[in-house]
Amino acid sequence: MRLLLSFAAALLAVTALCPLGAHAQQDFEYWPNADYDPAIPTVKSVLGYAPGERITWHADALRYFEALASSQPDRVSVHRYASSWEGRELVYVVISSPENMARIDDIKRDMQSLRNAADTSRSDADRIIQSGPAVTWLSYGVHGDEISSTDASMLTAYHLLASRGDSRIGDILRESVVIIDPMQNPDGRDRFIHAFEMAEGLSPDSDRLSAEHEQPWPSGRFNHYLFDMNRDWFAMNQPESLGRVTALQEWYPVVYVDLHEMGGDRTYYFAPGADPINPHVTATQARNEELFGKTNAAWFDQFGIDYFARDIYDNFYSGYGSSWPQYFGSIAMTYEQAGVDGLTLRQYDGNELRYAEAVRNHFVTSLGTAETVANNRQKFLQDFYDYQVSAIAEGRSDDIRVYIIPQQSDQAGANKLAGQLVRQGVAVGVANASFRACGKDYSAGSYVIDMAQPAKRLVRTLLDANVAMDSDFLAEQEQRREIGLESKIYDVTAWSVPLMMNVRAEPCNRMATVSTTPAGPELVHAPVLPDSDAKVAYLVPWGEGTAIRFLSHALLDGLAVKSSDTAFTLQGKRYPAGTLIIDVADNPAGVHRTVRDIASKSGANVFAVDDSWVTDGVNLGSNKVVRHNRPDVAIAWDSPTYPPSAGQARFVIERQFDYPVTAIRTARIATADLSNFEVLILPEANDEGYATVLGEAGTENLRDWVSNGGVLIALGSANRYLADANIDLLSIRRENAVVEEEDDDEEGSSDSGGNRGDSDEELEATVEGQNLSSLSDYEKSIAPESALPDSLAGVLLRADVSSEHWLAAGVASSLNVLARRTDIYTPIRLDSGVNVARFTSADQLLASGYIWEENRKQLAYKPFAVVQPLDRGFVIAFTQDPTVRAYLDGLNVIFMNAIFRGAAHARPMH
């Protein structure tokens with residue numbers, strides 16, 4: 001049956017939709033001359049409603065795709081690739097012609113052959129390029145409250161299988177394999193739908209003040225641990241991200257599109273992307289975005305849909321879904337639809353934007369993308385192969401020929417870095433013998449990364465100390481600042497993984513001459529264990545993540561554990577400050593087996609000692625050795641906390657170090673009895689702030705709790721509350737921007753006009769006059785009377801550590817801190833506390849990224865980590881959040897010291 005459909009008729013007649021508002025369903029065409037095969041299950045036949053009528057739950061979306069696969073097994077298959085923290089399955093759906101599906105494993109192998117260009121003959125590559133289908137990957141809904149794309153994915157799949165009037169479909173299915181990832185964040189999506197349906201009334205409400213459009217904390221944007229998973233691609237901290245990265249490397253699509261939503265008053269965005277462009281993206285990749293933009297624009301012109309390109313959304317940061325796939329050779333792009341946050345939204349100009357329209361728009365660009373791949377199949381396959389060949393050639397000729405990750409004090413961190421690279425398709429070798437390269441000696445076991453490999457550009461963007469932004473773009477941002485406009489820098493400007501992990505990865509301009517064995521993907525290696533049982537104690541050197549995990553498990557298993565505030569030497573081995581001491585005499589008879597079991601689980605190295613005689617440093621019974629309690633740890637949860645800060649801090653403690661955390665609704669802290677907790681963490685806060693939520697009673701409750709032995713840890717902007725003079729739980733203060741004073745006698749300075757006899761009444765309505773004699777005078781006159789420093793997008797700054805303090809036990813002497821936003825604090829005075837870590841001098845401050853000059857000067861010597869005693873407890877301030885995205889591994893020791901060593905040094909009243 002051939003139907004000429006209006007938008008709603010085409011979108012909804014497919015599924016015989018009961019009208020959402022019949023008068024609103026005849027405004028514009030959806031798809032001309034739509035003709036669908038009645039044998040293909042519709043959304044309505046499976047779920048009871050049509051696309052755009054309801055917001056589809058995770059389980060229902062899976063049910064629909066399974067119905068398609070059952071109906072058309074020769075053209076559709078569904079594959080599970082991960083499970084969310086809350087147990088929801090993530091799947092991708094493969095759609096192609098029966099002929100392609102019959103040899104789908106061969107197609108996957110062919111794409112892997114093109115990727116592994118060094119091992120593929122030119123003739124084999126030519127054969128694949130000439131005759132093989134290209135793979136298109138469409139991903140939907142990485143942010144759970146960006147809802148329209150998942151419903152668009154179902155409509156896209158239906159159209160590809162059922163359409164008999166769209167002349168493109170035959171070519172798409174013959175020339176390509178289309179992979180649909182319908183829901184990247186099922187936990188967040190279902191959280192959004194639950195809140196939306198709770199707020200629904202008699203009919204959809206377009207007023208943005210309606211509860212339908214107001215998500216409760218933490219919103220549906222984030223996953224279970226409140227991660228923005230569109231920032232997690234190379235860190236792969238979340239199971240959803242790791243599963244997706246693994247699946248992509250099975251298929252190596254030539255195109256990857258990440259479909260999003262943006263503010264409801266915008267239109268639609270598609271590539272080409274905005275500046276700046278990451279320098280490790282090739283010119284061919286950037287040019288190819290134009291092909292997709294032109295196709296999408298032609299369809300949007302036909303339907304009268306507004307759009308924009310080359311603005312706002314850039315791919316400079318390497319951790320986006322629209323950037324990470326670029327580094328295996330894909331053309332990766334973001335599409336953004338104005339969000340409805342429900343079923344209808346009244347935009348600023350009075351237009352009523354319906355959910356069905358948002359679904360339609362993503363559907364149109366999904367098909368446009370598949371169309372562009374089909375029309376350029378051979379070119380895109382050739383470009384993909386050429387990308388690998390050129391990467392290998394560049395790797396041989398670039399200034400960095402090899403990266404070496406040497407054996408080092410944080411070997412656990414080095415092992416994790418190597419494993420992360422292997423998981424992303426990087427060839428990493430383990431040196432079989434000691435060797436010399438670029439004037440340095442390296443031991444066997446060092447990791448060697450030859451740049452002459454297809455993953456060369458990924459290695460450079462992840463390991464280089466700095467990825468440079470275009471100078472013209474940066475000059476434009478400086479000009480914008482001068483006139484009070486916001487910077488167009490979209491995300492962090494620094495993400496060097498070795499710097500964030502505080503692990504040495506050293507470039508060399510010559511290839512290392514040493515045989516290697518391929519490294520594996522494991523992140524934790526087997527530990528060093530003693531050959532025999534200890535007679536006196538087991539010692540676990542402090543300073544690596546594996547030792548933190550050991551302490552977590554030891555306390556949870558009930559072992560008695562001590563640690564030293566200072567370094568010491570015992571039986572000829574030097575042990576760093578913070579080293580764990582498990583006395584045999586203080587523990588049950590099974591301590592030997594327990595220690596080995598915990599070491600095997602945690603990866604921590606353990607040494608057995610048969611006497612306690614220390615030859616240098618403090619003795620094991622010194623007052624510099626503290627006993628660890630098993631602290632109960634709580635975290636503020638709910639408004640006003642910034643959800644990612646709360647979730648990421650909890651994730652680091654619970655999932656990276658296996659220690660439980662109690663999440664307390666923030667408002668409860670005002671009146672709750674906190675005496676059951678030794679540690680309370682205040683994550684970063686949104687604008688509302690802790691003072692508003694907690695009030696005076698909450699502040700005094702916190703003060704009393706700390707005074708009685710609690711450890712209060714504040715992250716980033718949470719310190720605005722504690723350092724407020726009216727709160728005064730911290731004696732540091734947040735700074736305004738430094739105002740550069742000019743000499744009053746300087747030529748061109750402004751002159752103030754005197755009193756010319758105006759009446760008192762007139763003067764009350766005026767200000768004293770002045771002559772502006774120069775541009776400098778004008779700029780001074782428009783400057784705010786009191787302004788915060790300009791906001792930083794994200795830079796890595798060096799901080800020096802005071803190693804004598806217990807918070808610094810096992811911490812490296814220099815840290816790399818991700819600094820963002822406007823917060824700068826005064827140092828704490830010696831009579832109030834200790835600046836355990838402070839930013840270094842202005843000329844040494846910047847480790848990576850782009851920093852405003854004024855911020856660079858003002859941040860010098862300002863504190864990063866502060867400890868302020870308060871009677872029996874402590875307030876510990878991290879002026880920048882050390883748990884951002886859970887990828888700042890180099891800050892984990894000082895953060896976990898605040899929890900475990902802070903609790904051990906506090907003296908609560910029992």
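**Exercise 1.** Determine whether Glu357 is buried, partly exposed or exposed.

*Solution.* First, recall the cut-offs: buried means under 20% relative accessible area, exposed over 50%, and partly exposed in between, with a 1.4 Å probe and protein chains only. Next, take the value for Glu357, a relative accessible area of 11%. Glu357 is therefore buried.

The model is predicted: local features need pLDDT of at least 70, side-chain atom pairs count only at pLDDT 80 or more, and totals for chains, interfaces and linings use all residues. Residues are numbered from 1 along each chain as its sequence is written, and side-chain values use heavy atoms, without hydrogens and water.

**Exercise 2.** Describe how strands E3 and E4 are joined.

*Solution.* Two strands pair if DSSP finds at least two bridges between them. Strand E3 (residues 76-83) and strand E4 (residues 89-95) are joined by seven bridges and run antiparallel. Within this pair, Ser77 faces Val94 in E4. The two strands form a hairpin with five residues between them, and Gly87 in the turn has a positive phi of about 85°.

**Exercise 3.** Give the strand order of the open sheet of five strands and name its edges.

*Solution.* The order is E17-E12-E16-E13-E18, with antiparallel pairing. Strand E17 (506-508) and strand E18 (516-518) are the edges, since each pairs on one side only. Towards E18, strand E13 (residues 429-431) contributes three bridges, and Val430 stands opposite Thr517 in E18.

Terms used
Helix = DSSP H or I, 4+ residues; strand = E, 2+ residues; numbered from the N terminus.
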